Amino acid sequence: MIFETHAHYDDEKFDSDRDLVIQNLLNGRICRIINVGASIESTKASIALAEKYENVYAAAGVHPSEIGGLNEESFAWLKQQTQRKEVVAIGEIGLDYYWEKDASVQNMQRVWFARQLKLAKECRLPVIIHSRDAAEDTVNVMKENHAEEIPGVIHCYSYSAELAKEFVKMGYYIGIGGVVTFKNAKKLKETAVQIPLEKILLETDAPYMAPEPFRGQRNDSGKLVYVAEKIAELKGVSVATVEDVTKKNAKTLFGIP
Ligand code: NI
């Protein structure tokens with residue numbers, strides 16, 4: 001069985017068949033799903049899905065590209081949601097300088113990243129961190145806020161194996177998804193080889209990032225089998241071992257039995 005640690009089933013790409021997709025996954029090889037909020041709206045939708053399905057959990061948080069939706073009022077609402085039993089993490093939060101080049105907006109991303117890290121510490125929840133083209137500032141904001149005291153995962157990891165080891169030293173897990181199956185994903189394959197399986201989480205980022213041979217199509221948690229197979233091949237272990245160990249990792253991080 002596979003623990004899916006990062007999906008967005010509230011996405012409009014699932015509007016036509018959402019319930020069927022989730023039902024089929026949970027009746028098949030997927031034992032748990034974390035549906036991750038990326039905005040105030042998608043946090044609401046994630047909580048609704050978690051209320052509806054026993055083995056679906058929610059992460060509450062605002063993605064760096066969505067911080068326009070944050071103010072004192074919405075942040076207070078976000079804080080309230082952390083009290084719900086369905087909410088198992090703060091996320092996804094972080095920095096994205098790939099889509100945002102404006103220095104003043106990047107500065108606001110750092111401000112809201114730091115505030116959401118503090119919120120996680122306050123309410124004792126792990127964090128799901130999104131970081132793209134912003135390695136140095138991500139590490140800086142994390143260090144300034146003593147992120148080594150907050151458990152968490154660097155989701156959809158896209159940096160070097162060397163930096164992954166630094167995150168692991170800070171206590172973080174590394175989220176690996178469909179990209180690891182891409183032919184040109186040298187850095188991520190190297191990362192999967194070099195960090196211990198005990199620090200890896202399986203994730204899709206569905207509906208995005210479908211693995212080979214489905215690259216470009218709508219992704220879903222069922223396709224994590226291909227990710228598990230690739231990691232097993234890279235590490236020279238069985239697929240069952242990859243599934244079991246990463247499931248245990250996710251249960252530990254998110255405090256789910
Ligand atoms: Ni995501």
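**Note on the predicted model: helix packing, rings and backbone**

1. Helix H7 passes helix H8 in a right-handed crossing, where right-handed means that the near helix is turned clockwise from the far one by less than a right angle, and left-handed that it is turned anticlockwise. The model is a predicted one, in which local features need pLDDT of at least 70 and side-chain atom pairs count only at pLDDT 80 or more, while totals for chains, interfaces and linings use all residues. Residues are numbered from 1 along each chain as its sequence is written, and side-chain values use heavy atoms, with hydrogens and water left out.

2. Two packed helices are described by the angle between their axes and the distance between the axes. Here H7 covers residues 186–194 and H8 covers residues 224–235, and their axes come within 9 Å and cross at roughly 65°. The axes are lines fitted to C-alpha atoms, for helices over the stretch in contact, and the angles run from 0 to 180 degrees between N-to-C directions. Helices (H or I, at least four residues) and strands (E, at least two) are DSSP runs numbered from the N terminus.

3. Where the two helices meet, H7 contributes Lys 189, Ala 192 and Val 193, and H8 contributes Lys 230, Leu 234 and Lys 235, contact being defined as heavy atoms within 4.5 Å. By class, this contact of H7 with H8 holds three nonpolar residues, three charged residues and no polar ones. In that scheme Ala, Val, Leu, Ile, Met, Phe, Trp, Tyr, Cys and Pro are nonpolar, Asp, Glu, Lys and Arg are charged, and the others, Gly among them, are polar.

4. The aromatic pairs deserve a separate point, and the count comes to seven; rings of Phe, Tyr and Trp (its six-membered ring) pair if their centres lie within 6.5 Å, with planes under 30 degrees apart called stacked, over 60 edge-to-face and the rest tilted. One of them joins Tyr 98 and Trp 99, whose centres are 5.1 Å apart with 85° between the planes, an edge-to-face arrangement. Tyr 98 is partly exposed at a relative accessible area of 37%, whereas Trp 99 is exposed at 61%; buried means under 20% relative accessible area, exposed over 50%, and partly exposed in between (1.4 Å probe, protein chains only).

5. The rings of Tyr 157 and Phe 167 have centres 6.3 Å apart and planes at 85°, so this pair is edge-to-face. Tyr 157 lies in the loop between strand E6 (152–155) and helix H6 (161–169), and Phe 167 lies in helix H6, so the pair ties together parts that are ten residues apart in sequence. Both Tyr 157 and Phe 167 are buried, and ring pairs link Tyr 157, Tyr 159 and Phe 167 into a cluster.

6. Charged side chains also sit over rings, a placement that requires NZ of Lys or CZ of Arg within 6 Å of the ring centre and within 35 degrees of the ring normal. Lys 199 lies over the face of Tyr 173 at 4.2 Å from the ring centre, and the charged end of Arg 215 sits over the ring of Phe 182, 3.6 Å from its centre.

7. Which residues does Lys 13 contact, leaving aside its neighbours within four places in sequence? They are Pro 207, Tyr 208 and Arg 218. Lys 13 is found in the loop between strand E1 (2–7) and helix H1 (18–27), and it is partly exposed, with a relative accessible area of 44%. Although Lys 13 and Pro 207 are 194 residues apart in sequence, their C-alpha atoms are 6.9 Å apart in space.

8. Ile 90, in strand E4 (residues 87–96), is buried with a relative accessible area of 0%. Not counting residues up to four places away in sequence, Ile 90 touches residues including Ala 60, Thr 82, Leu 119, Cys 123 and Ile 128.

9. The peptide bond from Gly 91 to Glu 92 is cis, with omega near 5°, and Glu 92 is found in strand E4. Another cis bond joins Ala 206 and Pro 207, with omega about 15°, and Pro 207 is in the loop between strand E8 (200–202) and H8.

10. Arg 124, which is not a glycine, has a positive phi of about 55°; this residue is in the loop between helix H4 (103–123) and strand E5 (127–132) and counts as exposed at 77% relative accessibility. Cys 156 has a positive phi too, near 50°, but lies in the loop between E6 and H6 and counts as partly exposed at 23%.
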